Amino acid sequence: MKKTAKKLPMWLRYLINTVLFVALLLSSTAFINSGSVSPYHTKVIILCGINMILALALNLATGYLGQLPLGHAGFMALGAYSSAIFMRYITAMPGVSASAIFPLGVLLGGVIAAFIGFLIGIPALRLKGDYLAIITLGFGEIIRVVLLNIDDVLGFKFTYGAASLKNIPKTTNFFNTFLCVSLTAYIIHTVMKSRHGRAILAIRDNEIAAEACGINTVYYKTFGFTLSAFFTGVAGALYAGYLGVISPGAFGFMKSIEILVTVVLGGMGSMLGSIISATVLTALPEVLRAFSQYRMIAYSLLLIIVMIFKPSGLMGNYDFSLSTLLGKLGGRTGKSAVPEKEGEDNE
Amino acid sequence: MSKLVPVPSRGMVPERDVESPPVLETIHLGVDFGGLVAVDKFNIVIGKTEISGLIGPNGAGKTTVFNLLTNVYKPTRGTVILGDKDISGMSTRQVCRAGMARTFQNIRLFKDMTVAENVMVGLHHDIKYHTPGAVFRLPSFWRGEKYAKNKALEMLSIFNMQDMGDLKAGGLPYGAQRRLEIVRALATKPMILLLDEPAAGMNPSETAELMENIVKIRDTYQIAILLIEHDMKLVMGICEGIAVLNYGRIIAKGTPAEIASNPLVIEAYLGKKEA
């Protein structure tokens with residue numbers, strides 16, 4: 001790296017990123033709301049956003065922390081149910097606007113998922129590899145089964161079990177999904193580009209060496225796992241507000257696998273990869289709807305082809321940085337800008 | 001400079017130099033793997049700013065001793081005293097925080113991180129800012145990161161590696177990886193540095209340079225160094241005290257000259273003379 005090359009000052013990079021982010025947020029929201037995008041397409045775009053959050057959250061646990069949890073559907077269910085129940089009760093009160101209170105519901109979904117993730121993480125993260133996968137899979141299933149049967153046990157209507165929880169205020173729209181995706185990307189990015197992020201990456205690369213460097217590996221593994229569960233819960237809350245109806249069946253083991261496939265396809269440790277892959281894997285079945293009998297074949301083929309020709313995933317561990325790109329275009333060498341808008345990460 | 005003090009007899013604590021208390025002292029340290037006694041009655045005393053060597057034939061238990069000291073393996077018996085603290089039973093992380101850093105025989109770098117970042121992991125506890133500081137990019141974050149980056153490059157300059165800061169650690173040549181591991185260990189601000197075969201795989205000129213640098217590190221940071229090494233030129237050249245390990249027991253301790261002429265050591269390395 002040339003030392004003589006000029007660098008954009010840090011505040012300018014932030015300013016550029018913030019301005020771009022706000023411009024993109026407002027213009028795309030205006031575009032969606034102008035009616036030139038059909039409600040069907042809007043729904044697909046929102047679903048893409050929810051899957052992006054899921055992929056980004058799991059990427060934190062898998063790609064950065066190097067663990068293999070398979071219970072993220074459970075955290076998603078927790079986020080979805082806690083937010084949905086909260087929203088149902090709060091909107092039953094007079095004078096409460098559902099869309100105004102929704103951020104609180106999303107936050108509640110995230111916090112509850114994070115709390116349970118923390119409790120599960122303490123015993124589960126003592127295990128490694130396959131064992132961690134199996135134990136988190138077990139915990140994920142426990143969450144699903146509890147949600148399915150808790151009403152029968154406690155004797156009052158709470159989750160409505162298999163009959164599914166209905167009449168959840170449909171508050172998820174393009175604007176708040178976009179905002180959540182951006183915040184997820186921003187927070188994960190800033191945490192990873194700090195001493196905490198370095199500790200997390202160090203654990204992935206070599207746990208014994210990290211421990212010998214004085215890193216509290218138990219703390220950082222739990223921290224990373226809890227943060228991952230938090231964002232998964234946020235995605236679940238958005239999902240509940242998106243569908244309006246949720247049932248425990250949607251958060252089974254296959255959902256966890258689906259998120260994992262998204263992360264692996266995008267490239268473990270690449271936020272850009274997670275975002276692209278979530279978009280592709282959400283949009284592909286919709287695009288191929290005309291050939292509905294063949295679309296699962298196309299989906300599977302895509303996975304096989306990517307794994308054969310690019311086993312590290314679409315993006316490997318490459319990440320995008322606006323300032324690096326600008327730097328290349330302008331002959332500058334810039335590093336470590338902090339992007340804020342959807343679909344862009346560090347270098 | 002205090003020497004490795006010989007242990008008079010079983011059950012007795014080694015003599016201490018009262019004037020300058022030792023930085024590391026082990027008392028009857030030992031570990032069993034199942035029924036196998038891997039290390040037994042390991043007693044050493046290492047003075048402040050002393051460079052000592054731990055040598056012995058393959059399989060003698062040298063690396064096991066390092067793993068016992070840093071608690072990668074839990075000792076079956078014995079005590080380790082670092083400075084004025086009893087660190088036996090502490091976790092690897094706490095041992096590091098108490099002031100003992102180490103390198104590994106099979107290099108354990110953070111391969112996907114850059115050279116500077118590797119050192120910055122070692123500086124983890126030297127940087128003070130919290131998660132909100134990182135998320136909101138508060139001034140404390142920028143101060144901490146700037147300090148860490150500069151400090152990392154400054155420490156890399158010991159081995160003249162300050163220009164390699166932005167390279168991927170996994171892509172470095174072998175010798176540079178070993179040197180980087182030493183810098184990373186130094187970054188944790190140890191009182192004593194344990195080097196596990198620092199010269200393994202290095203050519204003679206690299207080894208000579210390493211010898212100079214080990215002495216330089218000791219002089220600059222005023223720390224003690226304990227090293228495992230097979231390269232006798234290095235061990236005899238820089239160590240002020242040497243302990244020889246065979247079958248998990250110390251068979252000789254002393255200055256390089258004493259060790260070189262010790263019949264027990266010669267026997268351990270070359271075998272018994274035919275009668």
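My entries below go from one whole chain, to its contacts with its partner, to two single residues.

**Entry 1: chain B as a whole.** I noted to begin with that this is a predicted model. I then looked up the secondary structure of chain B and found ten helices and ten strands. Along the principal axes, its C-alpha atoms fill a box of roughly 75 × 40 × 40 Å. Of the 275 residues of chain B, 47% count as buried. Looking at contacts in chain B between residues at least 6 apart in sequence, I saw that 68% join residues at least 24 apart.

**Entry 2: where the chains touch.** How many residues of chain B are in contact with chain A? I found 29, and they meet 22 residues of chain A. On the chain B side, the elements giving two or more residues are α2 (92-98), α3 (115-122), α4 (131-135) and α5 (139-156). I sorted the residues of that side into eleven nonpolar, eight polar and ten charged.

**Entry 3: two backbone angles in chain A.** I located Tyr160(A) in the loop between α5 (129-154) and α6 (174-192) of chain A. Ser164(A) lies in the loop between α5 and α6 of chain A, and its phi is near 70°, again positive in a residue other than glycine.

Ser164(A) is partly exposed with 14 other C-beta atoms within 10 Å.

Conventions:
Residues are numbered from 1 along each chain as its sequence is written. Chains are lettered from A and ligands numbered from 1 in the order in which they are written. This is a predicted model: local features need pLDDT of at least 70, side-chain atom pairs count only at pLDDT 80 or more; totals for chains, interfaces and linings use all residues. Two residues are in contact if their C-beta atoms, placed from the backbone, lie within 7 Å. Helices (H or I, at least four residues) and strands (E, at least two) are DSSP runs, numbered from the N terminus. Ala, Val, Leu, Ile, Met, Phe, Trp, Tyr, Cys and Pro count as nonpolar, Asp, Glu, Lys and Arg as charged, and the others, Gly among them, as polar. A residue is buried if 20 or more other C-beta atoms lie within 10 Å of its own, exposed if 12 or fewer, and partly exposed in between; C-beta atoms are placed from the backbone.
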